[in-house]
Amino acid sequence: MAIQLSGLWLPNSPAIPGLFLQFPTTKPKSSPTALAAAASFSSPPSTIQIVGGKVPSWHENGNANSKDGCHGESDWVELDADLYHWTKALRPVQWYPGHIAKTEKQLKEQLKLMDVVIEVRDARIPLSTSHPQMDSWLGNRKRILVLNREDMISTADRNAWATYFSRQGMKVVFSNGQLGLGTMKLGRLAKALSADVNVRRRAKGLLPRAVRAGIVGYPNVGKSSLINRLLKRRMCPAAPRPGVTRELKWVRFGNDLELLDSPGMIPMRIGDQSAAIKLAICDDIGERSYDVADVAAILVQMLARLSSVGTKPLYNRYKIDVDGQCGKTFVQKLALHLFSGDTHQAAFRILSDFRKGKFGWIALERPPS
């Protein structure tokens with residue numbers, strides 16, 4: 001079996017036609033995430049053509065998704081495998097600005113003082129926005145998992161993630177930081193989990209104190225917006241781009257809860273490039289770390305690959321027939337149609353529309369089976 005991968009390129013590099021890579025007819029047991037972690041960052045050829053097999057056809061399953069829609073399990077297995085190979089042709093996505101390196105050490109010290117830690121992730125990509133060192137940082141400390149932007153995924157995806165994390169014994173809150181949905185539940189849960197703090201203090205003859213909760217997570221997942229909605233006033237700087245919060249900041253919620261806002265924490269080196277591309281698509285990593293046209297091309301191919309999404313949302317949005325087999329072609333057509341041939345602007349428009357939910361309720365990950 002072989003899969004055709006087309007339309008992925010490196011800037012200013014000529015295409016290398018006729019490059020064929022053979023893969024075994026059986027799928028390897030290793031997950032794409034594990035494969036990506038072990039992959040080399042050496043530069044591959046600028047164009048990869050793996051001929052034959054099933055491709056992310058522009059003509060298949062062009063049905064718009066519904067709020068209750070659910071993707072087949074085979075879709076996700078095949079998409080993960082395809083995404084792993086698509087990303088091998090691109091420059092690795094890496095982003096570690098100086099303010100993160102500076103505050104990471106401070107945050108780890110502050111976490112030792114926390115009664116409960118609130119970890120915020122992007123509901124569209126809960127696995128990719130999970131810091132690989134978070135478990136070691138928190139140890140046995142109580143944790144609440146917040147999946148923000150719940151309004152951007154389907155009910156089926158929401159239920160699937162709720163079931164997945166509940167089986168792991170994790171407390172999960174779904175939220176919409178922009179509208180404030182889920183914030184009051186989050187505040188009550190944080191206080192409830194930390195109620196024993198003051199019970200122990202009273203037993204020692206000490207006065208009660210406010211519960212300390214630290215809010216952590218990747219850049220631009222909505223940490224500061226959640227705090228502002230919880231406090232019902234703008235106490236922390238927030239904007240729809242990574243890197244706005246650059247230092248630790250304590251804020252008080254009433255007399256019994258203190259919250260620590262923190263900059264987005266991201267690994268110094270991202271080994272899983274499939275996850276890195278998803279971070280770029282969802283705007284959870286700095287734009288300077290990736291090529292916008294490359295990422296938009298992969299997004300188009302991902303949407304076309306999922307049977308419950310297909311190509312109809314793209315046609316409905318731009319009124320352009322998606323009649324090719326690669327994301328690059330679609331980006332170029334959109335550039336000619338709307339932006340006088342400017343592929344950067346066309347790619348940015350596609351990513352911006354996805355981030356605003358213009359294509360519907362679309363998650364880019366599902367729970368592992």
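**A guided reading of the predicted model**

Gly264 is found in the loop between β6 (257–261) and α9 (273–281), where helices (H or I, at least four residues) and strands (E, at least two) are DSSP runs numbered from the N terminus. The structure is a predicted model, in which local features need pLDDT of at least 70 and side-chain atom pairs count only at pLDDT 80 or more, while totals for chains, interfaces and linings use all residues. Residues are numbered from 1 along each chain as its sequence is written, and side-chain values use heavy atoms, with hydrogens and water left out.

With a relative accessible area of 9%, Gly264 is buried; buried means under 20% relative accessible area, exposed over 50%, and partly exposed in between (1.4 Å probe, protein chains only). Leaving aside neighbours within four places in sequence, Gly264 is in contact with Ile100, Gly217, Tyr218, Pro219 and Lys223, contact meaning heavy atoms within 4.5 Å. His99 lies 165 residues away from Gly264 along the chain, and the C-alpha atoms of these two residues are separated by 9.7 Å. For the protein chain as a whole, 78% of the contacts between residues at least 6 apart in sequence join residues at least 24 apart.

The protein chain has 13 helices and six strands, and 52% of its 369 residues count as buried. In soluble globular proteins, nonpolar side chains tend to be buried together. A nonpolar core is here a set of buried Ala, Val, Leu, Ile, Met, Phe, Trp, Tyr and Cys residues joined through side-chain atoms within 4.5 Å. The largest such core has 80 residues, of which Ile144, Ile285 and Ile350 touch the most other members. Helix α10 (residues 292–305) provides the largest share of this core, nine residues. Because domain 1 (76–91 + 291–355) and domain 2 (97–261) both give residues to this core, it lies between them; the domain bounds come from an automatic or database domain assignment. Apart from this core lies another, of nine residues, among them Ala123, Leu145, Ile153 and Phe174.

Two helix pairs may be followed next. The axes of α12 (residues 327–338) and α13 (residues 343–355) come within 8 Å and cross at roughly 105°. Axes are lines fitted to C-alpha atoms, for helices over the stretch in contact, and angles run from 0 to 180 degrees between N-to-C directions. Helices α12 and α13 are therefore roughly perpendicular to each other; angles under 35 degrees count as roughly parallel, over 145 as roughly antiparallel, 65 to 115 as roughly perpendicular and the rest as oblique. Helices α6 (residues 183–193) and α8 (residues 223–231) pack at about 85°, with their axes 9 Å apart, which makes α6 roughly perpendicular to α8. In this second pair, Thr183, Met184 and Gly187 of α6 meet Leu226, Arg229 and Leu230 of α8.

Two loop residues remain to be considered. Most residues other than glycine have a negative phi. Arg149, in the loop between β2 (142–148) and α5 (155–167), has a positive phi of about 65° although it is not a glycine. Arg149 is buried, with a relative accessible area of 16%, and among the residues it touches, not counting those up to four places away in sequence, are Asp122, Asn176 and Asp284. Ser340, in the loop between α12 and α13, also has a positive phi, near 55°. At 76% relative accessibility, Ser340 counts as exposed.
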